[in-house]
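Please look over the structure below with the briefing that follows, which moves through its topics one by one.

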Amino acid sequence: MPEGDTVWNTARVLGEAITGQTIERSDFRVPRLATADLSGWTVAESACRGKHLLLRLTREGREPLTLHSHLRMDGVWRTYRPGERWSGRPAHLIRVALHTGAAVAVGYHLHELEIVPTREEERLVGHLGPDLMGADWDAAEAVRRLLARPERWIADALLDQRNLAGIGNLYKAETLFLRGVSPWAAVGDVPDLTGLVERAHALLNSNRGRWTQATTGSLRRGETNWVFERAGQPCRRCRTVIRRWTGGDNDRITYWCSHCQPGALPPPG
């Protein structure tokens with residue numbers, strides 16, 4: 001699934017392609033926006049907050065607008081040269097296409113696609129915790145939010161975007177492994193929450209500007225992660241077999257090393 005660094009990189013690529021460009025034609029393929037027309041609007045900024053992407057638009061004499069989208073598990077944006085074949089995903093997954101003189105931005109399988117006045121962005125993203133990829137990152141505030149529910153499993157708490165924005169399954173698993181914390185430890189029992197969230201912050205930002213998500217320091221194929229998607233393989237540190245469990249909030253997959261991450265175990269079943 002897209003994580004905060006993937007969304008940040010997507011916003012950067014979109015920004016490089018269409019920031020400063022005037023939209024010549026827009027094509028929305030969702031019922032709620034079927035009649036929306038952004039032609040004549042200029043893309044002022046491509047930004048993100050957590051996993052939310054925000055295209056900010058301006059037009060002389062009009063109130064600024066924001067085109068908001070959420071990538072969730074499978075949404076992507078792709079950019080193409082005018083006249084280039086759109087090959088990112090099947091055509092039936094296209095939700096919007098923005099045509100400018102320099103490029104075409106195409107959104108596939110986007111979620112929560114909305115056009116709102118820019119002044120109302122907080123209605124869409126104001127609930128999010130400190131952004132791991134943002135200028136507002138605040139480890140102390142992230143810890144404060146996590147501790148509001150000290151009995152909660154740390155794995156579930158890290159994925160809750162209201163606590164800190166940007167972590168998905170990959171960074172959840174890798175952060176907990178590197179800190180030696182069981183995914184099922186209660187938040188209140190984690191000895192150094194500040195160190196844990198700062199490690200997550202460092203991991204996401206280490207992949208800023210590139211699409212390969214590496215947490216081991218190696219970009220070689222098959223060597224990029226410690227435990228994520230390595231079930232049945234030996235731990236890179238202790239050779240214990242990496243395990244996989246599905247459950248918790250929204251039945252999310254968890255990978256861990258029982259030797260390097262001792263303590264609480266998952267419930268049976």
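Which residues do ring pairs link into a cluster? Trp 153, Trp 184, Trp 245 and Trp 256 are the residues that ring pairs join in this way. This is a predicted model, in which local features need pLDDT of at least 70 and side-chain atom pairs count only at pLDDT 80 or more, while totals for chains, interfaces and linings use all residues. Residues are numbered from 1 along each chain as its sequence is written, and side-chain values use heavy atoms, with hydrogens and water left out.

**Aromatic pairs**

- The count comes to 6 aromatic pairs, where rings of Phe, Tyr and Trp (its six-membered ring) pair if their centres lie within 6.5 Å, and planes under 30 degrees apart count as stacked, over 60 as edge-to-face and the rest as tilted.
- Trp 184 and Trp 256 form an edge-to-face pair, at 4.6 Å centre to centre and with 80° between the planes.
- Because Trp 184 lies in the loop between helix 5 and helix 6 and Trp 256 in strand 10 (residues 252-256), this pair ties together parts that are 72 residues apart in sequence; helices (H or I, at least four residues) and strands (E, at least two) are DSSP runs, numbered from the N terminus.
- Trp 184 is buried at 5% relative accessibility, and Trp 256 is buried with a relative accessible area of 1%, where buried means under 20% relative accessible area, exposed over 50%, and partly exposed in between (1.4 Å probe, protein chains only).

**Helix 5 and helix 6**

- Helix 5 (residues 169-179) packs against helix 6 (residues 193-206) at an angle of about 125°, with their axes 9 Å apart; axes are lines fitted to C-alpha atoms, for helices over the stretch in contact, and angles run from 0 to 180 degrees between N-to-C directions.
- The two helices, helix 5 and helix 6, are therefore oblique to each other, since angles under 35 degrees count as roughly parallel, over 145 as roughly antiparallel, 65 to 115 as roughly perpendicular and the rest as oblique.

**Positive phi values**

- Most residues other than glycine have a negative phi.
- His 109, although not a glycine, has a positive phi of about 50°; His 109 is found in the loop between strand 7 (104-108) and strand 8 (111-117), and at 22% relative accessibility His 109 counts as partly exposed.
- Arg 239, also not a glycine, has a positive phi of about 75°; Arg 239 is found in the loop between helix 6 and strand 9 (243-247), and Arg 239 is exposed, with a relative accessible area of 56%.
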